[in-house]
Amino acid sequence: MSTENEGTAVPPAPSAPPVPVDTPAASVPPEQGVSPGPDPVDPHRGMAPVQGPAHPQEPGVPQEGAPTATLPPVPSGAPEAAGPAPEAGAWPPPPPATPSYASGGEGGSGDVWGSSYQQPAPKPKSGGRGGLVAAVLVAALVAGGVGGGIGYWAADRNDDSTGSTTVAASQSGGDLKRDPGTVATVAATALPSTVTIEAEGSNGEGGTGTGFVFDTQGHILTNNHVVAQAVDSGKLSATFSNGKKYDAEVVGNAQGYDVAVIKLKNAPSGLKPLRLGNSDEIAVGDSTIAIGAPFGLSNTVTTGIISAKNRPVASSDGSAQSKASYMSALQTDASINPGNSGGPLLDANGSVIGINSAIQSSSGGGLGGTSQSGSIGLGFAIPINQAKTVAQQLIKTGKPVYPVIGASVSLEEGTGAKITEQGASGSDAVTPNGPAAKAGLKPGDVITKLDDRVIDSGPTLIGEIWTHKPGDTVKLTYTRDGKQQTAEVTLGQREGDS
């Protein structure tokens, strides 16, 4: 399945948690335990096209080809003069002056929001639709004249009237109360704890994404691809819905999970973390509310439902240095676009159930490039149960920890995740004395299930393994020589993304 990492190029489906190997011919540095395989190739940020498994089941920093879209240019210029005042009694009155907005993008060419309105000169046509338009104009003028006459007649009558025609406006308009659980109530509660993140790399490139308050110490949870360019050097800021802006720094990031934690510098007191829900209890059809800054439009709220669960998604931010991220995602039809990356996906009670990270796009180009595209109703979010565990690890040590089975699997799609005959760079496909080896797995075995989850490819296996923790025991169903077998595997661990 091809999805887009909230605005970046989609990598080809990577391999499973075991040290995935693209093909025997591919050369990837050896890695202990499970490895996602070679870095995905950027075929085209939009949310960059994300390459996922055949069966669908990421969240960005837009730049050229980055996951999130840059903020639109700020309108400039004063409204154009209205022109000479109309003569008294002229009908119809001239159209009101229309403000002129900044023209051109960064290069100064092309209309950004539009130029001042110019009434087109009438084009003489005979018969057909031209006649109809003319008739409508005449009717409008006649109606205007009749209306004016009636208005004058009514005013003349009122001069002799002793009664009042003043109508009192209702005073109850501001007393509207919304019941708990409405979208408006949920949004009013969540927006003050949601931030728009601006990231800029040392090269001056960057973009816009979203995050939300994770704790009272000022930690903000977001996507890795939103802040990736500012990890080593660069600038980060987070702006709240009230307009207050704070500088921030990256505490830790996990490329594989596409999760990052940043911390506000000089964090204000009184921060209200969003309440975290339980993504394991979510059901297909449950209502969802997404908050973010699509295409730089901060504090945007959209709604939808959970369309599916456990969608295997592999995504990337499209950069050459990026490695693929894997998730067993929540799928939603709530409108998600570049800039929504890292923002909260809420349930009807206002609890966070996921981090918006990727979209499927119908466009052949990335959402951050010249052929940007938007939501087609296929958005994917990292389940909050997984994101919470990763965030806590990042806050504690600054480095991610991945569960592994210690085997290299093929990246090709098929009827399962096949353990390759040889590992990366000629290493063993099954790590000696590793989890898979201890369970009796061998090269050539095809893993078809993990517990009760069907495994149809390497990326699917990776996404499912990464929903667990090191030390968890899982049951693998696999085929060998046409016979089905099972084995219990206690997951090992790998620290860091390298």
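So, Ser457 and Thr460: their side chains are joined by a polar contact of 3.0 Å. By polar contact I mean a pair of N or O atoms within 3.5 Å, where within protein one must be able to donate a hydrogen and the other to accept it, and residues adjacent in sequence count only if both atoms are side-chain atoms. Ser457 itself is in the loop between strand 18 (453–454) and helix 6 (458–465). Those elements are DSSP runs numbered from the N terminus, H or I with at least four residues for helices, E with at least two for strands. And Ser457 is buried, as its relative accessible area is 0%; the cut-offs are under 20% for buried, over 50% for exposed, partly exposed in between, with a 1.4 Å probe and protein chains only.

Quick housekeeping. This is a predicted model, where local features need pLDDT of at least 70 and side-chain atom pairs count only at pLDDT 80 or more, while totals for chains, interfaces and linings use all residues. Residues are numbered from 1 along each chain as its sequence is written, and side-chain values use heavy atoms, with hydrogens and water left out.

Now strand 17, residues 446–450. It is largely enclosed by the rest of the structure, because 4 of its 5 residues are buried. On one side, strand 16 (residues 417–418) is joined to strand 17 by 2 bridges, running antiparallel; by the way, two strands pair if DSSP finds at least two bridges between them. Lys418 has Val446 of strand 17 as its bridge partner. Strand 19 also pairs with strand 17 in the antiparallel sense, over 4 bridges, and there Leu450 stands opposite Leu476. Then there's strand 18, antiparallel to strand 17 through 2 bridges, with Lys449 partnered by Val454. Strands 17 and 18 make a hairpin with 2 residues between them, and Asp451 in the turn has a positive phi of about 55°.

On to the barrel. What order do its strands run in? It's a closed barrel of 6 strands, 3-4-5-8-7-6, with antiparallel pairing. From one strand to the next the twist averages 40°; axes here are lines fitted to C-alpha atoms, for helices over the stretch in contact, and angles run from 0 to 180 degrees between N-to-C directions. Strand 3 (residues 194–201) and strand 6 (residues 234–240) are joined by 7 bridges, antiparallel, and Ala199 stands opposite Leu236 in strand 6. Helix 4 packs on the sheet, touching strand 4 (206–213), strand 5 (219–222), strand 7 (245–254) and strand 8 (259–264), and its direction makes about 55° with that of strand 8. Touching, or contact, means heavy atoms within 4.5 Å.

Next, the cores. A nonpolar core is a set of buried Ala, Val, Leu, Ile, Met, Phe, Trp, Tyr and Cys residues joined through side-chain atoms within 4.5 Å. The largest has 55 residues, and those with the most contacts inside it include Leu221, Leu346 and Leu461. Helix 4, residues 384–397, gives the most to this core, with 5 residues. Apart from it there's another core of 17 residues, including Ala238 and Tyr246.

Last, the rings. There are 5 aromatic pairs in the structure. Rings of Phe, Tyr and Trp (its six-membered ring) pair if their centres lie within 6.5 Å, and planes under 30 degrees apart are stacked, over 60 edge-to-face, the rest tilted. Why is the Phe240 and Tyr246 pair edge-to-face? Because their planes are at 90°, with the centres 5.8 Å apart. Phe240 is buried at 9% relative accessible area, and Tyr246 is buried at 16%. Tyr402 and Trp466 form a tilted pair, 4.7 Å centre to centre with 40° between the planes. That pair links distant parts of the chain: Tyr402 is in strand 15 (residues 401–404), and Trp466 is in the loop between helix 6 and strand 19 (473–480), 64 residues apart.
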